[in-house]
Amino acid sequence: MTHDWKTWGVEQWNDHLLEYFFSNCDDDPPVVVMLVTSDEIARATGDSLATADLARLCFVDSVRRAVQAKGLLEDASNYRGWPTQPPVGRPKFIAHLVLTCLAASESSEELADEGSFIARLCRLVEVPPNSLSMLPTLWVQLAKWLSQHDRSYRRLVLPDPGGLTRIGYTVKLTFPDRRDQQRLSQLLDDAGIAGMVPPTGRALSVVGAERGRFGPAFQLAFDDFKRQFESHRSNSAELSIHRFWAAVVDAALRGRGVESSASWTRFSILAEESDDALSLFAVSDRAESSLGREAVPLLAPCGRWQFGLVPQGQTFESGGLQSIVTSTLAGRTKLPRISNFIDQGILPFALGSHGILELVDRDQLAAATTVLVHQDKVSDLLKHYPKGRVRSSSYEGWREISEPRLHALPSSVFQNSNLERSWILQESLSQPTIGLRGGVRTEEGWLGVSEVLPAVVVDSCSSVWLYTETGRVDLVRDAEGSWRFPIQDWDGQFEIVAKSDHFEIRRTIRFNSTTSSESFKSPREPCAWLVESMCASATLDSTLAEEHASRDGGAEISLDEPILLGAGIGEFVSDPASAAWSVRAIGKKITGRRGALREEAALPTFRVDSKNARRRWLNLVLKSEVDPSDPEFGVVRRRVKGIVASGVLLPSRSLSQIVPNIAPRRFESPRASVDRLVRVIAGRAASRAGLPWREWMELVPSILRIDAQQLGHLTRAWMEAGFIDVASSARWRNRAVFVRSPRLLAFRTGGMVNAVVSGLILPVTQDSIREAAHKEDLLQLDCGSVSGLVPPVLRVVGHDEEAVTTLAKEFGFPIAWLSVDTMKQVDCTHVTQGDAPTQYEFGGEWRFWSLLREPRSDIRVEHYFRADRPDYWVAHHEGASFWSYELNPIRAWSARRLREPLVSLSGVDDVTAFHGYLPLPVARFVNVLGQGLSGPTGGGEYRYPAGAQLRGRVVAALT
């Protein structure tokens with residue numbers, strides 16, 4: 001711990017006191033009172049070992065040294081612009097004003113005139129009496145400066161100075177004194193309402209019962225506040241900045257005045273949504289350590305929260321970050337403020353400005369997206385907030401409620417219920433704040449795609465608008481009281497303004513067109529999620545399409561289909577032994593090499609009588625690039641060119657043959673909405689592991705503009721393209737969509753090295769990959785889909801394996817080399833599996849087990865479910881049965897039992913889904929090696945553009 005503060009000059013004290021008393025961490029309320037004691041001076045150093053007496057001594061000495069030549073207030077006012085303007089830069093007189101507050105705090109409680117104040121101030125520093133007239137002006141200029149910098153600093157609300165015209169601001173801001181603050185903190189803690197803004201009625205009752213314990217100034221403030229509150233003379237915004245209420249809030253939230261080092265540190269709980277459940281960890285704003293725990297710096301600070309709490313001797317990697325929270329939730333560990341939330345059984349979480357869910361107080365209830373509720377309080381909570389969805393929790397004795405739509409209610413509503421002492425739900429006074437609910441967080445703000453804009457949440461306002469470059473844009477209030485942005489794409493930084501008759505507040509929001517990277521969050525326990533495998537189910541930690549991959553970059557997958565040309569001009573052959581030339585088309589690039597016929601046997605001795613065949617033949621042989629594996633191709637080809645150029649008329653021959661079309665297969669261009677969905681899904685996956693299935697069902701149709709009947713085919717297409725996994729939790733009835741991180745799937749065929757960029761890729765990343773591939777002399781190809789609702793994938797091709805490896809390293813992508821073993825025999829009639837799970841409820845017969853609208857009735861499929869386990873299905877046929885957590889294996893087994901095809905053939909290259917889809921690993925293999933990506937066609941079919949050779953292997957594997 002550093003002790004540099006002992007040698008600070010007044011400039012350093014000035015900067016630290018400005019940050020300590022006025023910094024705005026996250027839309028903090030304005031400063032109404034300032035408790036300036038030796039304890040607070042010590043806290044301002046940031047050193048938990050600093051003692052109050054020594055910190056006070058060092059602070060006072062530094063000010064004395066700085067002002068001894070001019071005087072305290074003369075030195076404070078020595079800046080350009082005085083006395084009519086606030087300073088241009090950071091004020092240099094914060095330390096001077098804090099010193100006057102220290103004098104007021106240490107004066108007697110009976111301070112009634114300037115004399116006693118001046119006497120005390122002069123014992124600290126030399127102050128000519130006639131200079132006190134500068135003091136109120138300095139406070140006014142500080143308030144002006146803070147209001148001009150309200151994004152970084154809290155506003156200062158100056159009190160009515162009353163009859164103390166020169167020292168009134170100082171004396172009334174310095175409230176309450178140290179002893180009253182100690183009494184107040186202890187009183188609130190004993191009543192169980194510390195750690196949060198307490199309900200107003202409860203706070204008045206608790207303080208009123210002990211009113212006589214407080215000093216005269218505090219009693220007067222209490223009486224004035226109570227009188228205004230009960231008579232409704234003031235609105236809530238005005239009462240929320242009353243000096244008594246400000247002292248109550250400060251004592252409740254900060255515990256100031258309590259003689260404990262723990263009160264120096266602020267604690268909170270942050271949460272990440274993983275596996276559709278909250279994963280919590282405790283954090284602090286200081287490197288505080290105590291018996292049994294220590295604070296370790298977070299890898300990335302989250303606003304004011306820079307340290308994570310772990311048990312002594314543990315680390316983040318050993319699971320220590322979750323241990324403190326688990327212990328605190330169970331009551332075995334006590335954390336200031338946090339334990340009070342836990343005792344109430346209500347822990348609401350809202351998205352903080354740092355992009356992570358954070359435990360929030362009453363003023364952010366409406367913005368809470370998830371609340372952790374003690375199981376004994378769930379039933380009563382749902383009576384008042386019925387729209388929330390209950391789900392299991394990873395923490396024993398607790399449940400989670402998503403989208404709870406919380407808001408504070410009168411205390412009387414909760415009487416005689418389990419929520420009677422859940423103070424956070426009960427109405428209180430607070431400064432209005434602007435909250436944001438929903439939307440998709442990005443690294444620096446929110447995703448500005450129109451379909452997923454956040455809602456603005458602010459209580460008791462009459463209008464909300466946005467300032468843009470073109471002027472004011474009004475927001476519209478919806479039926480639930482939230483304010484909605486105009487439905488359009490947004491990009492840039494804007495200011496939100498909310499206004500009522502009593503207040504006007506502002507908040508800055510930044511919209512981004514996309515998230516910045518593919519740093520997708522993965523589930524904590526992938527082995528606890530079930531996905532479709534070859535013929536049954538597997539866990540998410542299996543690599544599916546890559547499960548037969550190897551690190552052997554030399555493995556050849558013989559799927560190459562070269563165009564074979566005979567020696568005659570215009571002659572095309574199918575037998576490699578009869579070929580003089582072999583030509584390959586990779587996208588628009590054509591390369592040629594010699595065939596089996598060599599020397600004189602390869603030179604043309606005749607020409608076919610078809611002009612079209614001759615033209616195609618000449619273009620392929622004479623205009624193709626030389627395959628690097630056969631440089632002699634160019635030597636021999638020159639002899640052919642000489643024969644053609646000589647004009648010798650070769651004898652004509654009529655041949656019955658198929659002239660191949662070498663043009664690459666064309667696919668439907670992806671719709672513009674596909675890119676929008678990619679950006680939204682990427683943004684979601686960057687902030688949480690796993691999208692709930694219900695959210696996928698809402699997002700995809702709304703963004704792609706499709707109906708619910710198309711969702712099944714489209715989801716399958718995204719799965720088979722390697723963009724997503726759809727998984728069921730093995731621990732409860734929950735289905736989620738996990739976005740797959742980018743990787744390279746590489747293979748050799750026809751002597752060329754190919755690599756497909758698998759996983760979800762943002763357009764900006766894909767552009768960067770293209771640029772890097774060009775530098776490595778790799779050919780870039782877009783592999784499209786039969787559906788315009790599926791994004792294309794990028795494929796790079798070259799002769800150099802090292803170039804592909806370099807590309808993978810540059811982008812940090814893992815690389816897997818595919819082997820043909822993936823196309824092993826797929827036999828779904830002899831799958832080794834255990835008995836079906838027991839103690840499930842029968843969900844009825846699943847009549848539409850096949851993709852056909854009217855499948856054979858002699859296959860009977862039953863559906864089973866239970867609340868804490870994944871659904872499964874059982875198929876029956878002639879005494880045999882088969883069960884699976886996924887439907888497609890049921891379809892494959894049933895098709896085999898019926899001796900009917902799972903998929904059928906279409907055209908000369910394609911495979912079409914019949915009873916079901918290809919087994920997922922096979923489908924992914926086909927998408928990598930085939931002509932393009934699978935997907936639904938406009939006619940309602942689901943098609944795989946495999947290519948002739950690959951299609952043959954697929955059919956053989958399924959037979």
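Phe349 has Thr370 in β7 as its bridge partner. The model is predicted, and the pLDDT of the protein chain averages 87. Strand pairing in an open sheet of nine strands and the packing of helix α10 against helix α13 are set out below.

**Sheet**
- Strands β5 (residues 346-351) and β7 (residues 370-374) are paired in the antiparallel sense, with four bridges between them.
- The open sheet has nine strands, ordered β3-β4-β2-β1-β6-β5-β7-β9-β8, and its pairing is antiparallel.
- At the edges lie β3 (293-302) and β8 (389-391), each of which pairs on one side only.
- From one strand to the next, the twist averages 35°.

**Helix packing**
- Helix α10 spans residues 200-209 and helix α13 spans residues 243-254; they pack at an angle of about 95°, and their axes are 12 Å apart.
- Because angles of 65 to 115 degrees count as roughly perpendicular, α10 is roughly perpendicular to α13.
- On the α10 side, the contact is made by Thr200, Ala203, Leu204 and Val207; on the α13 side, Phe244, Trp245 and Val248 make the contact.
- Sorted by class, the residues in the contact of α10 with α13 are six nonpolar and one polar, with no charged residues.

**Confidence**
- A pLDDT of at least 70 is reached by 94% of the residues.
- The pLDDT is below 50 over residues 257-263.
- In the model, residues 257-263 have 15 contacts beyond near neighbours in sequence.

Methods. Residues numbered from 1 in each chain as written. Predicted model: local features only at pLDDT ≥ 70, side-chain atom pairs only at ≥ 80, totals over all residues. Heavy atoms only, no water. Pairing = 2+ DSSP bridges. Helix = DSSP H or I, 4+ residues; strand = E, 2+ residues; numbered from the N terminus. Axes fitted to C-alpha atoms, helices over the stretch in contact; angles between N-to-C directions. Parallel < 35°, antiparallel > 145°, perpendicular 65-115°, else oblique. Contact = heavy atoms within 4.5 Å. Nonpolar A, V, L, I, M, F, W, Y, C, P; charged D, E, K, R; others polar. pLDDT = per-residue confidence, 0-100.
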